[in-house]
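My plan is to look things up one at a time and write down what I find.

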Amino acid sequence: MIAFDTPILVTRPIFPDINGYKKQLDAIWESQWLSNNGPKHKALEAQLQRFINAPNLSLFNNGTVALQTAIQSLRLQGEVITTPFSFPATTHVLTWNGIQPVFCDIHPQTLTLDPAKIESLITAKTSAILGVHVYGIPCHVQEIEEVASRHGLRVVYDAAHAFTTKVNGLEIAQYGDISMFSFHPTKLFHTGEGGALVYNDSNLKERIDYLKNFGIKNENEVILPGINGKMSELQAAMGLEVLPLVEQEKYKRSKIREVYTRFLSQVPGITVLAVEDNASQSEQYFCIRIDAKAFGLSRNDVYEKLKTFNVFSRKYFYPLISNYPCYSNIASANPAYLPVASQAEHEVLCLPFYGALPLEYVERICKIILSFR
Ligand code: T4K
């Protein structure tokens, strides 16, 4: 097998036509308005609300600040039960809010919070469950809701990867109290940097929008200890150009998923991660698990060998958050309590996955992987 001439990265952002973006910039120059709930911001908020059928939506400058604000808006405190199998932001926002993360193991198929393991972690201090729809694979939302309502807990979802995912025909953000979407360039839909909160309770809108603007009510009143979470007009303009391209990008990615799945799903030692029957794909990542014994090479071997072919896969999400030095002293971070996550972190590999990746390249990547055996 021959190495690629140029590096093949795990993802590439949608780049809209530069002339469309220039037109957006012309309008911004004309308006002399760059941030603080300007016309582009308002237009994107409305368009996104329609696009994902969101009852309420607030835009942010990134997903992390959005999630931090979600926690503030619900006045969460004490302990929050969460997954160790995610990007650092998921747990860090709890810490930045003075909340103790409590790590719960994940489900062996979906790699999302295992609802059967949540209940034993609930204490008098627990205020919420924070799940992650990792790779766009939805959490077991109904079971989580049942546990939460039995114990009077709030449910927040880190839906950074789950833009457009549906469960039982409903948009993913219709589940739980608040969902956070990331609009980072590595996401299916992006605004350069950015994010949003979607929530069912319209009473939260005012509080969330004050919180993301320093708590300023008017020139004379600051009513909450808010933060600067505002999306700029430059970001919103990018979003307005990217949004019409999302369906086409998803379609291209679905074709790439088909090729990977055709070549890899029957290979002993490789498992292709997929959504369950009641859910739809966000087409955010294409991820496999590699069982070293059955495949003959470990995930790390495959990751390193792919690099020699100029293919840069990613070990999302290794290491587990519970193994970071800043969290490993928490009782629930003990790997003995997290056997499923502790195995998954050594087996998962996200392969290059973006619409502009030619299908011949995808086939070639598969053949390179198969040649390792
Ligand atoms: N929760 C979850 C579950 C998340 O995954 C994330 C973010 C968050 C919360 C926080 O949301 P934000 O605050 O970011 O909105 C990347 C992203 O930076 C990060 O947003 C994302 N998750 C994470 C999964 O991936 P890295 O450290 O892997 O990024 P980097 O720079 O290595 O980029 C990955 C690949 O993307 C590179 O191979 C090249 C390509 N790329 C990247 C950028 C930025 C481009 O081609 N163009 C670009 O402009 O974290």
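Which residues of helix α4 (residues 88-96) are buried? I looked these up and found A89, T90, T91, V93 and L94, where buried means under 20% relative accessible area, exposed means over 50% and partly exposed lies in between, with a 1.4 Å probe and protein chains only. Before going on I noted that this is a predicted model, in which local features need pLDDT of at least 70 and side-chain atom pairs count only at pLDDT 80 or more, while totals for chains, interfaces and linings use all residues. I also noted that residues are numbered from 1 along each chain as its sequence is written, and that side-chain values use heavy atoms, with hydrogens and water left out.

Helices here are DSSP runs of H or I with at least four residues, strands are runs of E with at least two, and both are numbered from the N terminus. I then checked what the buried residues of α4 pack against, and I listed α3, β2 (79-82), β3 (100-103), β4 (126-132) and β5 (154-158), taking contact as heavy atoms within 4.5 Å. Just after α4, I noted G98, which takes a positive phi of about 70 degrees.

Next I turned to T69, which is found in helix α3 (residues 63-73). T69 is buried, with a relative accessible area of 3%. When I left aside its neighbours within four places in sequence, T69 was in contact with F60, L197, I208, L211, K212 and I227.

I looked up T110 as well, in the loop between β3 and β4, and T110 counts as buried at 1% relative accessibility. Its contacts, apart from neighbours within four places in sequence, are V134, I137, P138, H140 and E276.

For helix α7 (residues 233-242), I found that 9 of its 10 residues are buried, so that the helix is mostly covered. What covers these buried residues includes α1 (18-31), α2 (39-51) and α8.

I followed α8 (residues 246-264) to its packing with helix α12 (residues 359-371), where the angle is about 25 degrees and the axes are 9 Å apart; axes are lines fitted to C-alpha atoms, for helices over the stretch in contact, and angles run from 0 to 180 degrees between N-to-C directions. That makes α8 roughly parallel to α12, since angles under 35 degrees count as roughly parallel, over 145 as roughly antiparallel, 65 to 115 as roughly perpendicular and the rest as oblique. On the α8 side I noted K255, I256, V259, Y260, F263 and L264, which meet residues of α12 including L359, V362 and E363.

Last, I looked at an open sheet of 3 strands, with the order β12-β13-β14 and antiparallel pairing; two strands pair if DSSP finds at least two bridges between them. β12 (270-272) and β14 (348-351) stand at the edges, each with a single partner strand, so one side of each is left without a neighbour in the sheet. The twist averages 30 degrees from one strand to the next. I found 4 bridges joining β13 (residues 286-290) to β14, and C287 stands opposite C350 in β14. Helix α10 (residues 299-308) lies across β13 and β14, and runs at about 25 degrees to β14.
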